[in-house]
Amino acid sequence: MLTTIPTRNTNMATFRFLPLALVVLAIFSISLVLAAPPVASADEDVRYIIKFKSKKHGRGLDTMKQNGIRAEIEDDRYEFAAARMNKAKKEEMQKNPHVEYVEEDAIREPSQYQFVYPGIQTLPYGIKMIMDGFADPDKGAVSNTPKVVLCIIDSGYDVTHEDLPKTKVTGVNNTRSGTWFKDSCRHGTHVAGIAVALNNNKGVVGVIPNLGRVVLHIVKVFGADSGTSCAWTYSSSLVSALSQCQAKASSTQKLVVSMSLGGGYNSSMENYAFQSAYNTGRVLSVAATGNSGGTAFSYPASYPSVISVACVTQTKGLCSFSQRNSQVDLAAPGYFVTSTIPSSYAAYSGTSMSTPHVSAAAALLWGFHPTRTNADIWAALRNTAQDLGTAGRDNSFGSGLISVRRAYSWLVGSSKSLTTSTSMLTLNSTATPTPTPTSTPT
């Protein structure tokens, strides 16, 4: 099924990769070491994506084996492989009649953070802001026939955490070491908490507490099971992760893909994969705009088929680090956001934190309206967003701050529920205090 998406610029960016979660100061500090991406000389092997021509995947792989090239990733859905090659072998593969193109495999990275414990359960300001008084029609009930898969591609998930779901959660490991249900990097668990933290009198609450009509799937692409290194991943691994997300969703389920990651290099393979997924009408991908504070593009967020999410503060101002460009679609809270990390809680800042607010909101809305297409869900979020900054769409906030309440009403096709109703959550705590960081992220 081919559906339409908003027309956006697809300018190329420089080969530079940007972290999407920034350091904030809090109570307990840790250090995190990011493994440096490799820098190869002209004679050394570099990892490349080999995109095969349609129906030539098998023959292309045979050619690779004959030339002594070992595939590190093979993907039947998008007909590509990733492998390390020197310059001579790369040129051989480019001339092969079964190969459409060869491109360098771009790197995607998360970043670092520090600890803070929120005490009794609180409703984070970001959840309150985007829910905008939405009253859950299911009143928190959990569906036995979930309509939507929310797939988070990140560094894993602490399945033992007191404030995260343990049922209706599956996962797969897409790293060379590690398991999806462990997260030494902590970034993925923080992202997951923003999306789905339980309403259980502990810690924080997510956009979809208790999951409701949604199931959660984790694809681990960063980090191992121990240590503090998040390391980095390739764009080919990200495409493979997208394929794994699609494999999880049944023919009757819709899929929302959440990516709090990115880099400055535009990959043809990546663009093709996300566009193909979008064209099914059943997949909606969401990614972080980036944290450089400038006007550079970040990918996958800047592909036309991916919702690019900017960061706003508690006062709905633009976060100083949020990238500004013609690809920005929507905005969500991402400054000093408290969420789950393994065995504790932390406040992080970054467009990494803004992203799960939007992806989880999309999954929540799609669960209530499963007959709608991905274009409908995107349109609902865009057309009902609160305009911020310059009147109309702008390069800082896109269409504006999302509102679940208004988007839900737009999908229903009625304005009756646009009057603010009670919150979908009943919390055994007072309103969340506004944290005051001791320094501003850059």
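Here is a short walk through this predicted model, one selection at a time. Local features need pLDDT of at least 70 and side-chain atom pairs count only at pLDDT 80 or more, while totals for chains, interfaces and linings use all residues. Residues are numbered from 1 along each chain as its sequence is written, and side-chain values use heavy atoms, with hydrogens and water left out.

**Stop 1: β1.** Select residues 46-52, strand β1 (strands are DSSP E runs of at least two residues, helices H or I runs of at least four, numbered from the N terminus). Seven of its seven residues are buried, so the strand is largely enclosed by the rest of the structure; buried means under 20% relative accessible area with a 1.4 Å probe, protein chains only. Val46, Tyr48, Ile50 and Phe52 cover one side, and Arg47, Ile49 and Lys51 the other.

**Stop 2: its partners.** Look for Tyr48 opposite Ala83. On β4, joined to β1 by five antiparallel bridges, Tyr101 stands opposite Lys51.

**Stop 3: His98.** Now pick the loop between α2 (87-95) and β4 (99-104), where His98 sits. His98 is buried, at 17% relative accessible area. Its contacts (heavy atoms within 4.5 Å) include Phe52, Lys56 and Arg59.

**Stop 4: the seven-stranded sheet.** Show β7-β8-β6-β10-β11-β12-β13, an open, parallel sheet in that order. β7 (169-173) and β13 (330-333) are the edges, each with a single partner strand, so one side of each has no neighbour in the sheet. Finish on β12 (306-312), joined to β13 by four parallel bridges, and find Cys311 opposite Ala332.

Definitions and conventions. Buried < 20%, exposed > 50% of the residue type's maximum accessible area, 1.4 Å probe, protein only. Pairing = 2+ DSSP bridges. Lists of a residue's contacts leave out its neighbours within four places in sequence.
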